[in-house]
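Work through the exercises below with the model open. Try each task before you read its solution.

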Amino acid sequence: MNKNERKIKQMKDGAAKRIMNGIGEDKLVLSAAIVVVFILFTSLNPNFLSMQNMINLLVAASLVGMVAVGHTYLIIAGQNDLSPGSLAAFSGVLVALLLNWGMPLPVAIPLTLCSGIAVGMFNAWMVNKIKLEAFIATLVTQAIVRGFAYIICNGKPVAISNKSFILLGKLRILNIPLAVWCMILSFVIFGFILSKTRFGRSIYAIGGSTEAARLAGLNPQRMNTLCFIIIGLLTSLGGIIFSARMNSGQPSANINLEFDAITAVILGGVSFLGGVGSMGGTVLGVILIQAFNTGLIMVNVPSFWQYVARGALLLFALASDYIRKERREKELLAASMKNAS
């Protein structure tokens, strides 16, 4: 290794170290914010910190958390998805109808999951082949899938009579609901894949620079397709579990689900421009946003003001992402100047 190569390596290592330190600082700030939110709402309503409310909070966070896992992959890869709310509602209605038509549970659930995979593939096709921006492509899917959710049930909630499915919604393991376990397993499995596998490293590479990743031998379109399939599968699974908890498929459910998930991911330190972030940060982001939403309800904030508060939280997340981006660019510039001198 010659002198120039050593300088380049030192520059990359130094920049990577600074970025990782920055991510660690972001998680520390986010953890402090969670503590502040818990203290604030506990002071306003002592029941906020009760064990039952903590379990309820985790159950409420389960669907957002599973969708946030998929969004973590997508946003790191430089993509986005606005259709999860519609897909979760559609999946809940579809599985309810299949069960009411007499289809066995072991068949109805996989078929419904396949619908989620199909939606993910459709989104990927629009992005990869028609070259639509992910924001526009998934906005199309959002409208279409929500429309189908209403059409297949004639706009009415579908009550579920299948006893096994209802028990699935009530199932607890170690006194923790199944929905929470599914969220935890999603974080663990997909967090491991993201941080420890070649596929995970490839997602970061594509988000950092699609052209550089292509020149390095990666297939960005294939990676995008897999990311869209992951979020479609997880969203569909979350919709199934949600319908089991509610004992019905509801076509109007989960409106704005995707915005809560995106807010959680950006709060967790994932860059909206792609290439930066971690699943650990997403976990903290999900906890923060669900604690915030639950706290607003428990202190009886009017529903219209809750929308304002959630919008303000999303704005804060985007502003934080901009500040982090500016800091990373300054650190990379400083590192390059230092190594060039």
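**Exercise 1.** Find which helix gives the most to the lining of the largest pocket.

*Solution.* This is a predicted model. Start with the helices that each supply at least two lining residues: α2 (51-76), α10 (220-246), α11 (257-267), α12 (279-298) and α13 (303-340). The top contributor is α13, with seven residues.

**Exercise 2.** Describe the largest pocket: what is its volume, which residues are closest to its centre, and how do the lining residues divide?

*Solution.* Take the volume to begin with. It is about 750 Å³. Next, go to the centre. The lining has 29 residues, and the closest to the centre are Ile255, Asn256, Asp260, Asn293 and Arg310. Last, sort the lining by residue class. It holds 15 nonpolar, 11 polar and three charged residues.

**Exercise 3.** Locate the nonpolar surface patch and state which element gives the most to it.

*Solution.* Two elements give two or more residues each: α4 (105-128) and α5 (134-151). Of the elements, α5 gives the most, with seven residues.

**Exercise 4.** Decide whether isoleucine 144 is buried, partly exposed or exposed.

*Solution.* First place the residue: isoleucine 144 lies in helix α5. Then read its relative accessible area, which is 38%. Buried means under 20%, and exposed means over 50%. The value falls in between, so isoleucine 144 is partly exposed.

Notes
Residues are numbered from 1 along each chain as its sequence is written. This is a predicted model: local features need pLDDT of at least 70, side-chain atom pairs count only at pLDDT 80 or more; totals for chains, interfaces and linings use all residues. Side-chain values use heavy atoms; hydrogens and water are left out. Helices (H or I, at least four residues) and strands (E, at least two) are DSSP runs, numbered from the N terminus. Buried means under 20% relative accessible area, exposed over 50%, partly exposed in between (1.4 Å probe, protein chains only). On a 1 Å grid over the protein atoms alone, a cavity is a set of points where a 1.4 Å probe fits but cannot get out, and a pocket is an open set with protein on both sides within 12 Å along at least five of seven lines; lining residues have an atom within 4 Å of a point. Grid points are joined across faces, edges and corners, and a volume is the space filled by probe spheres set on the points. Ala, Val, Leu, Ile, Met, Phe, Trp, Tyr, Cys and Pro count as nonpolar, Asp, Glu, Lys and Arg as charged, and the others, Gly among them, as polar.
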